[in-house]
Structures are given as structure tokens and as C-alpha cells.
Amino acid sequence: MPLLSIQNLRKTYGETVAIPDLNLSLHKGEVVVILGPSGCGKSTLLRCINGLEEKQSGVITVKNIGELGKDISWEQARQKVGMVFQSYELFAHLNVIDNILLGPIKAQKRDRAEAEKQAETLLARVGLLDRKTAFPRELSGGQKQRIAIVRTLCMNPDVILLDEITAALDPEMVREVLDVVLELANEGMSMLIVTHEMGFAEKVADRIIFMDRGSIIEESEPNQFFHNPQTERAKQFLRGMDY
Ligand SMILES: Nc1ncnc2c1ncn2[C@@H]1O[C@H](COP(=O)(O)OP(=O)(O)OP(=O)(O)O)[C@@H](O)[C@H]1O
Ligand SMILES: [Mg+2]
């Protein structure tokens, strides 16, 4: 049984059919990278999975938990399925440690000392323990994004969704963030990743999903996808990535 399963997902915005009918599953420890042209529905898919967008139909389940938004509330579901965004979404008025501990203490009702210990271990891992009491405005984009990853990890999620988390970063900060994600992948974290970094996608992915107009039109191993894509649309997409 897959860890995460999405069955017959349909999402519309008024007249716009963003996702007509999508099926996808993710196994424990698997890293799936979702690629596709702008507007093809990648963000919509991730946002539906953790209930930030209301879907028209479909069933999203997590192993040993059940149907998200039904067997458990979306608020609880977001603790199991964490998400990291392009725009960090850190609270400007809270320092690093308070940003990280908000979820564990408020939503998970954990003991501050216990959660703080985990947060410190995670901060050390991403090389930012010395910025524990800094405020977001005092951090670089790459540092803010590593903090956002720590905040998600500190909830001990089963799955993490990453939506173009390096898209807003200066080129020299992209690598420090992608290295953290690659390390998580090597440790067996289950992840669904949307990225425009093709070299990274090829390296980190166990499987590539290629979407066009809300549907999955190609699904293959990274080596196959990047060097021998099957559909004309994927070939065209990859050509567009070469400068
Ligand atoms: N809040 C919204 N209201 C109306 N339409 C929306 C909304 N969000 C997305 N859409 C539409 O849904 C479709 C999918 O958008 P989505 O943002 O998921 O694409 P994407 O693949 O993430 O694109 P990008 O690579 O540019 O981030 C697009 O046609 C988009 O215009
Ligand atoms: Mg998007």
C-alpha cells in the first residue's frame, strides 16, 4: 500500500479546469519530482493534497491515517503532510526558534523543552544553530528557506511537499537549499517536489511525473525522462529548458 495516494482528483476554478482527473501515489521513502509547463497545475495539485485548495472530487489518503479532510481534519492532515513554499511564509514578528516551535507547541501540544531540543538538532543540521534567535529580516533568502524546511521537519511529517522552494533565491543560495533537500532524500524522507532545477530533479528523483494541462502525460525514471522522453510535449519542454 502506498504511503500517499491520490485518486481521481478533480479541481476547477470557476470555468477553468485546473486538474480534470488525476491519480498518483507515493511510496514510503520515495521522491517524486513533478515537472511541467507554467500553469499545468503543479501548485494546484500540491495545494489540494494538503487542503489549501478545496477539491471538487477525489480521495487523498495517507497510510495508517485514512482519508485527509474526512478521517482527519485538514489541520491535522497538514501535520502529517508538510509543505514548504517558494515564499518561506515565516512570521516576521517571531524569531527563528519561535517560528519553528509554533506548530509543535500550538498544534501538536508538545512540551516546549522537548520540541526545542529537536529544533536545535535540526538547526544544527542545516548549519543555522547560531541564528536561533535571529528574526527573518536578519536572514538571507537561503537561510530563511532552510529555516522553513526545519519548521516543517519539526512537525515530524510523513510526507513533505515542496513547491519551487528555490525559485525566489539568488543563484548562489540555491545550492545550499537543494543540498538540504538532497540530504533528506538520502535519509529516506518521502517527498513530492516541484522544481525548475533540472539537474537537481534528475539527481534527487526516484520517479519523474510530467504534467500538461492538469494531467500526467508521462511518468518515468529520471534517466529515461531526461535522456529519452517519450512524448512530444516532454521533448518540447526539455528543449525549452536548454538555453
Ligand atoms: N486561485 C486561482 N484562481 C483561478 N485560477 C487559478 C487559481 N490558481 C491557479 N489557477 C489556474 O489553474 C491552472 C493551474 O495553475 P497552477 O498554479 O497550479 O500551475 P503551476 O503548474 O503551478 O504553474 P507555475 O509553474 O507557473 O507555478 C492555471 O490555469 C491557473 O491559471
Ligand atoms: Mg506553481
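Predicted model: local features only at pLDDT ≥ 70, side-chain atom pairs only at ≥ 80, totals over all residues.
Student: How many bridges link β7 and β8, and in which sense do they pair?
Tutor: Five bridges, in the parallel sense; β8 covers residues 190-194.

Student: And what joins β7 to β6?
Tutor: Four bridges, and these strands run parallel. I160 of β7 is the bridge partner of G82.

Student: Which helix goes with β7 and β8?
Tutor: Helix α6, residues 171-186, which forms a right-handed β-α-β unit with them.

Student: Is β7 buried or exposed?
Tutor: Five of its five residues are buried, so β7 is largely enclosed by the rest of the structure.

Student: Which residues sit on which side?
Tutor: V159, L161 and D163 are on one side, I160 and L162 on the other, and all are buried. In a regular strand the side chains alternate between the two faces of the sheet.

Student: Switching to ligand 1. What surrounds it?
Tutor: The surrounding residues include Y13, K42, E164 and H196. By class, the shell has four nonpolar, six polar and two charged residues.

Student: Which element gives the most to that shell?
Tutor: Helix α1, residues 42-49, with three residues.

Student: What polar atoms lie by the ligand's oxygens?
Tutor: A polar backbone atom of G39 is 2.8 Å from one oxygen atom of ligand 1. For C40, a backbone N or O atom lies 3.2 Å from an oxygen atom of the ligand.

Student: How much of ligand 1 does the protein cover?
Tutor: 59% of the 640 Å² of accessible area that the ligand has on its own.

Notes: Residues numbered from 1 in each chain as written. Chains lettered and ligands numbered in written order. Heavy atoms only, no water. Near = heavy atom within 4 Å. Polar contact = N/O pair within 3.5 Å; in protein donor to acceptor, adjacent residues only side chain to side chain. Areas by Shrake-Rupley, 256 points an atom, 1.4 Å probe, with all protein chains shown as cover. Helix = DSSP H or I, 4+ residues; strand = E, 2+ residues; numbered from the N terminus. Nonpolar A, V, L, I, M, F, W, Y, C, P; charged D, E, K, R; others polar. Buried < 20%, exposed > 50% of the residue type's maximum accessible area, 1.4 Å probe, protein only. Pairing = 2+ DSSP bridges. Right-handed = clockwise from strand over helix to strand, strands pointing away.
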